[in-house]
Amino acid sequence: MSALTAAARSTAGPARPRGSRWSDRLLRAYVWLVVAWLLLPIAVMIVFGFNDTRSKSNVSWQGFTLKWWGRLDEYPDLVTAVLNSLLIAALSVLVTTVLGTLMGLALGRHRFRGQGATNLVMFAAISSPELVMGASLLSLFISAGVQTGFATVVVAHVLFSLSFVAITVRARVLGLDPSIEEAARDLGASAWTTFWRITFPMILPGVVAGALLAFALSIDDFVITQFTSGATQTFPLWIWGATRIGVPPQVNIIGTLIFAAGVVVAVVNAVTARRRP
C-alpha cells in the first residue's frame with residue numbers, strides 16, 4: 001500500500017503551497033467582482049425595463065409590469081432614431097469591412113513605401129479623442145460645402161471604424177502560414193480561387209471580429225455623431241435629448257434587446273470558432 005501511495009504522489013507531482021491556493025482563490029474572486037461591477041449597469045437597465053413607473057422619470061422602482069414591452073411604438077421619434085442607428089451601423093459596417101479587410105491584407109502581407117506612416121495614421125485615428133475627430137470632420141464638411149445629415153454620419157462612422165477593422169484583420173494575416181497558399185497555387189489554383197478558398201476562410205474570424213467591433217462602435221457613438229448628424233437623430237442622440245424631461249422605460253427595453261442581440265452573436269461566434277478545425 002505504501003508503494004502505491006508513493007507512486008501516486010510521484011505521478012501527481014508536488015503539492016501546491018497553501019499560499020498559492022489562497023492567491024488563486026483571491027484572483028478568481030477579484031475577477032468575478034470586476035465582472036459583476038461591469039454587468040451591474042446592464043442589469044439595472046434590464047430590470048428598469050419592467051418598472052411600473054407612473055412618472056416621466058424612470059429612476060425609482062415602483063412595481064413589476066410587462067406593459068412597456070407592448071408599447072415600443074408609443075414614441076415614434078424613438079423608433080425612427082433606433083432605425084436610423086441600425087441602418088447607419090449596417091451601412092458603415094458593410095463599407096468598413098470591405099475596405100478594412102483589404103487594408104489588413106495589404107499591411108499584413110506586403111511591404112511598401114509609406115507602410116510605417118500608414119500604421120501611424122491608423123493608430124492615431126484609434127487613440128485620438130472623439131471630440132477632436134468630430135470637430136475635424138465637421139470642419140471638413142463645412143469647408144467642402146457638404147450639408148450634414150444621414151450621409152455624413154455614415155461617412156464619419158466609416159472613417160473612425162476603418163482602423164479597428166484593418167488592425168484586427170492585419171493581426172490575423174500576420175499569423176497565417178504562407179506555405180498553405182503557396183501549396184494551393186502549386187496545385188493549379190488561380191489567385192482568385194486561392195483567396196476565396198484558402199485565404200478568406202483563414203482570415204474570416206478576424207473579419208467577423210472587426211465587423212462586430214465596427215457595429216458596436218457605430219451604434220454606440222455619440223460624440224462624433226453629434227458633430228456630423230445635422231437634423232438626423234440616432235438612438236444615443238435621442239436618449240441625450242430625452243434626459244431633459246425623463247427617459248421612458250422603452251429606452252431600457254430597446255437597450256436590453258440590443259444587448260441580447262450582441263450576446264447571441266458573440267455566443268454563436270464563439271461556438272462556431274470552437275467547432276472550426
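Author: On a 1 Å grid over the protein atoms alone, a pocket is an open set of points with protein on both sides within 12 Å along at least five of seven lines, whereas a cavity is a set where a 1.4 Å probe fits but cannot get out; lining residues have an atom within 4 Å of a point. Grid points are joined across faces, edges and corners, and a volume is the space filled by probe spheres set on the points. The model is predicted, with local features needing pLDDT of at least 70 and side-chain atom pairs pLDDT 80 or more, while totals for chains, interfaces and linings use all residues. Residues are numbered from 1 along each chain as its sequence is written, and side-chain values use heavy atoms, without hydrogens and water.

Reader: How much space lies in the second largest pocket, and which residues are the closest to its centre?

Author: The second largest pocket holds about 240 Å³ of space. It is lined by 15 residues, and Ser55, Lys56, Tyr75, Gly246 and Pro248 are the closest to its centre. Helix 10 and helix 11 each supply at least two lining residues; helices (H or I, at least four residues) and strands (E, at least two) are DSSP runs numbered from the N terminus.

Reader: What makes up the lining of the largest pocket, by class?

Author: Ala, Val, Leu, Ile, Met, Phe, Trp, Tyr, Cys and Pro count as nonpolar, Asp, Glu, Lys and Arg as charged, and the others, Gly among them, as polar. On that basis the lining divides into 17 nonpolar, six polar and one charged. The pocket has about 730 Å³ of space, and helix 11 gives the largest share of its lining, nine residues.

Reader: Why is the pair of Tyr75 and Trp238 called edge-to-face?

Author: Rings of Phe, Tyr and Trp (its six-membered ring) pair if their centres lie within 6.5 Å; planes under 30 degrees apart count as stacked, over 60 as edge-to-face and the rest as tilted. The centres of Tyr75 and Trp238 are 6.1 Å apart and the planes stand at 70°, so the pair is edge-to-face. Tyr75 lies in the loop between helix 2 (18-47) and helix 3 and Trp238 in helix 10, so the pair ties together parts 163 residues apart in sequence.

Reader: How do you know whether Trp238 is buried or exposed?

Author: Buried means under 20% relative accessible area, exposed over 50%, and partly exposed in between (1.4 Å probe, protein chains only). Trp238 has 10% and is therefore buried, whereas Tyr75, with 34%, is partly exposed. Trp238 is one of the buried residues of helix 10 (residues 235-242).

Reader: What makes the pair of Phe222 and Trp240 stacked, tilted or edge-to-face?

Author: The ring centres of Phe222 and Trp240 lie 5.9 Å apart with planes at 55°, so the pair is tilted. Phe222 is in the loop between helix 8 and helix 9 and Trp240 in helix 10, so parts 18 residues apart in sequence are tied together. Both are partly exposed: Phe222 has a relative accessible area of 27% and Trp240 one of 41%.
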